[in-house]
Amino acid sequence: MSDSNAQQPARHEHMELFNRPCPICLSEKGSTLFAPSRVSPDQFNKDTFSARKIPEYMHFRLLKCRCCDLIYANPAPSDSQLLTLYTRAGFVSARESIFAGQTYSKYLPAIVSRLPDLKGALDVGTGDGAFLEHLVRYGFSSITGIEPSADSISKAKPAIRPLIKKGFFNPNDHGDEQYSLVSLFQTVEHLLCPMETTRAFFRILKKGGALFIAGHNFKALSSRLMRTRSPIFDVEHMQLFSKKSLFKMMKEAGFSDIKVDPMMNTYPLNYYAQLVPLPQRIKAPLMAVLTKTGLSKIAIPAYIGNLAAIGYKR
Ligand SMILES: [Zn+2]
């Protein structure tokens, strides 16, 4: 590591950043610079830490660990700074959240058939709780969602809102072998200590229980073509996984029968249009045309560089 910033807390105006080794192997030995920092703190707004927002192309300094095949932010903000940012984050994507919930629910029949029972399901980073509705529909009981954004929770349906706890996942709040299913969708990138958190998921799962993670794949064709203009290189993301790194993290946490595969998402056309790396002066009129013509609502299935990872506690 040659960058002196790595050792000392670096000021980013109102944000203090700390040195952070690879969050899987907890070492910097196999790490090299992937991309220098592109952060403008004056551009932060209430949507910067929101799910499925319009990309801002900001990211912290990114390193790549060759041993783990992981890209990660170093230096990075502290847990308490992140909690403050996410608590204030606005919820910007009700319709996309419904589509995402449907995509994830398609995996439930195969998972449910292997679970010991349907008592205890935890969805971390649940947003407006769109996936919790599917868990109810599949017959799960003792369902809990965790979400830091007050705005997102306020958008949950009245029957779902009481199931959502506000804040970050805290391992101390959950007993051993309490859940049959733990899910985490587009959230694993946001965790400051993903290895430690995955070990905690293993502890709180019952024997035979499943961990289901959906996340971005930095090795997907779209990411490789767009490089750091890909919307996955974002200031919210503390790390980005590949098939190899997601597998490694789950394996080291103790999971068995792990499968990591590309995920087919279905989103309305305007969601894809948001992600295209074009300047706002071109993108804004394009979005307006799509909305005016009704084309924005057409649902299109596509591989957009997401991975579904499922593992079981034997
Ligand atoms: Zn590593």
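This is a predicted model: local features need pLDDT of at least 70, side-chain atom pairs count only at pLDDT 80 or more; totals for chains, interfaces and linings use all residues.

Modeller: Two strands pair if DSSP finds at least two bridges between them. Helices (H or I, at least four residues) and strands (E, at least two) are themselves DSSP runs, numbered from the N terminus. With that in hand, look at the open sheet of four strands with the order S3-S4-S5-S12, where the pairing is antiparallel. Its edge strands, S3 (31-35) and S12, each pair on one side only. S12 is joined to strand S5 (residues 70-73) by two antiparallel bridges, and Ile 71 faces Leu 240 of S12 there. Keep S12 in mind, as we will return to it.

Residues are numbered from 1 along each chain as its sequence is written. On average the protein has a pLDDT of 88, and 90% of its residues score at least 70.

The protein contains ten helices and 14 strands, and 43% of its 314 residues count as buried. (A residue is buried if 20 or more other C-beta atoms, placed from the backbone, lie within 10 Å of its own, exposed if 12 or fewer, and partly exposed in between.) The C-alpha trace spans about 55 × 50 × 35 Å along the principal axes.

Now for your strand: let us take S10, residues 179-185. How many of its residues are buried? Seven of the seven are, so this strand is mostly covered. What does S10 pair with? One partner is strand S7 (residues 119-124), which pairs with S10 in the parallel sense over four bridges; there, Leu 122 has Val 182 of S10 as its bridge partner. Another partner is strand S11 (residues 205-216), which runs parallel to S10 and is joined to it by six bridges. In that pairing, Leu 181 stands opposite Ala 210 of S11.

To get from S10 to S11, the chain passes through helix H6 (residues 194-204), making a right-handed β-α-β crossover. Right-handed means that, with the strands pointing away from the viewer, the path from the first strand over the helix to the second runs clockwise.

Which residues of H6 are buried? They are Pro 194, Thr 197, Thr 198, Phe 201 and Ile 204. These residues lie on the same side of H6 because they cover an arc of only 125° around the axis, the arc being that of the directions from the helix axis to the C-beta atoms.

Finally, follow the pairing onward from S11. Seven antiparallel bridges link S11 with strand S14 (residues 299-312), and Ala 214 sits opposite Ala 308 of S14. S14 also pairs with strand S13 (residues 256-268), in the antiparallel sense over eleven bridges, where Met 263 has Asn 306 of S14 as its bridge partner. Starting from S10, you have now stepped through S11 to S14 and on to S13.

Technical notes: pLDDT is the predictor's confidence in each residue, from 0 to 100.
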